[in-house]
Amino acid sequence: MTSTSTASSASPATRPHEAGAGKVPAPRRRRALSRARRAALPFGSLLLFLAGWQLLAASGTWSQTLVPPPAKVWDAFVDVSTTHDGVRGYNGTYLVEHLGISLRRIAFGAGIGIAAGVVFGLLMGTVGWLRSLFEPWITFLRTLPPLAYFSLLIIWLGINEEPKITLLAVAAFPPVAVSTTTAVAAVPSSLVEAARALGASRWDVVKDVVVPSALPETLTGVRLAVGVAYSSLVAAELVNGLPGIGGMVKDAANYNNTPVVLVGIIAIGVSGLVIDGLLLRLERAVVPWRGRV
C-alpha cells in the first residue's frame, strides 16, 4: 500500500520533466527564429531583385545591350573568371586578379589616408589653433569630387600607380580626420581633469583617456573612409587602370559590353560588403562597450 502511494505521488512530479525534456526552451527558440529571419530577408530580397531584373530584361522595353538578362551577366562572369577560346579572363587577367589589384590599391591609398586622418584628428582635437588652421582645408577636400582633382594628379604624378594611390588617400583622409576631431573634442572634460589630478602627463591623458574615448567614432570614420575610397575606385582607374576592376569596368563600357560592366560593379559591391562586415566585426571586438553604456 505504501509503495503504491509513493509511486503514484512521484509520478506527477516526474511527468512534466519528462514531457519537456525534448523541447527547446522558448528564449532559445525565439533567438533561432530571429537569426533565421535575419538571414532569410536579404536572401528573399535578392530573389525578388533577380526576378524583377529578369522580367524587365524579358519585357523588351530596352535592348539587351542596355539591360542584359541575369543569364548573360552570369555567362560574362564565367568568361572573365576562366580561360575561354584561348582568352584568359578579361584582357589577359582573371576577375579575381583584377579585383585583387584594385584592393591592393585601396589598401595602400586608404591606409595612408586613414593614418593621416587619425593623426590630424588627434592633433586638431587637442590643439585648438591647429583645428582652426586645418579644418577649412579638410572641409574643402571633403566637398571635392575625385574627378575634380584626378586630372591634376595625372599632370603632377604621371599615369602609373602614384596618382591612383594619391587619389584614394585624399578621398579617405577627410572622413577620418573629421570624425576623430569631433570625437576628441567631445571627450568629457571631467575625465581629463580626473586623470591630471591623479598625476597623468599630457601623453598619458591622450593615451589612456582621449584615444579610448574617441575610438568608437574614429572606427566609424574608418568605415566611411573605406566606403569613399571604394566609390572613388573607378575614377582612380580611369587612366591606365588595367589590370584593375575599375579599369575593367571602364574598358568594357567603352565597347558597350554591359554584362562585363555589371560583373565589375557587382564584384566591387560584394567585396565592399565583405570588407565593411570585417570592419564592423573589428569595431565590435575593439570597442565592445559601444552601445552598452
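Visitor: How many residues apart are Trp 137 and Phe 140 in helix H5?

Guide: This is a predicted model. In it, Trp 137 and Phe 140 are three residues apart in helix H5, which spans residues 128-143, so about one helical turn separates them.

Visitor: And are those two buried or exposed?

Guide: Trp 137 has a relative accessible area of 59% and is exposed. Phe 140, at 46% relative accessibility, is partly exposed.

Visitor: Why is the pair of Trp 137 and Phe 140 called edge-to-face?

Guide: Their planes stand at 80°, so the pair is edge-to-face. The ring centres are 6.5 Å apart.

Visitor: How many aromatic pairs does the count come to?

Guide: The count comes to five aromatic pairs. Among them is the pair of Phe 49 and Trp 53, which is tilted, with 5.9 Å from centre to centre and 50° between the planes.

Visitor: Where do Phe 49 and Trp 53 lie?

Guide: Both belong to helix H2, where they are four residues apart, about one turn of the helix.

Visitor: Which of them is buried, and which is exposed?

Guide: Trp 53 is buried, with a relative accessible area of 13%. Phe 49 is exposed, at 52% relative accessibility.

Visitor: Which residues form an aromatic cluster?

Guide: Phe 120, Phe 134 and Phe 173 form one aromatic cluster.

Visitor: Now to charge. Which residues form a positive surface patch?

Guide: A positive surface patch is made up of Arg 28, Arg 29, Arg 30, Arg 31, Arg 35, Arg 37 and Arg 38.

Visitor: Where is Arg 28 placed?

Guide: Arg 28 sits in helix H2, which covers residues 26-59.

Key. Residues numbered from 1 in each chain as written. Predicted model: local features only at pLDDT ≥ 70, side-chain atom pairs only at ≥ 80, totals over all residues. Heavy atoms only, no water. Patch = residues over 30% accessible without salt bridge, like charges linked within 9 Å, V, L, I, M, F, W, Y side chains within 5 Å. Areas by Shrake-Rupley, 256 points an atom, 1.4 Å probe, with all protein chains shown as cover. Salt bridge = Lys/Arg side-chain N within 4 Å of Asp/Glu carboxyl O. Lys, Arg positive; Asp, Glu negative; His and termini not counted. Charge placed at Lys NZ, Arg CZ, Asp CG, Glu CD. Helix = DSSP H or I, 4+ residues; strand = E, 2+ residues; numbered from the N terminus. Phe/Tyr/Trp six-rings, centres within 6.5 Å; stacked < 30°, edge-to-face > 60°. Buried < 20%, exposed > 50% of the residue type's maximum accessible area, 1.4 Å probe, protein only.
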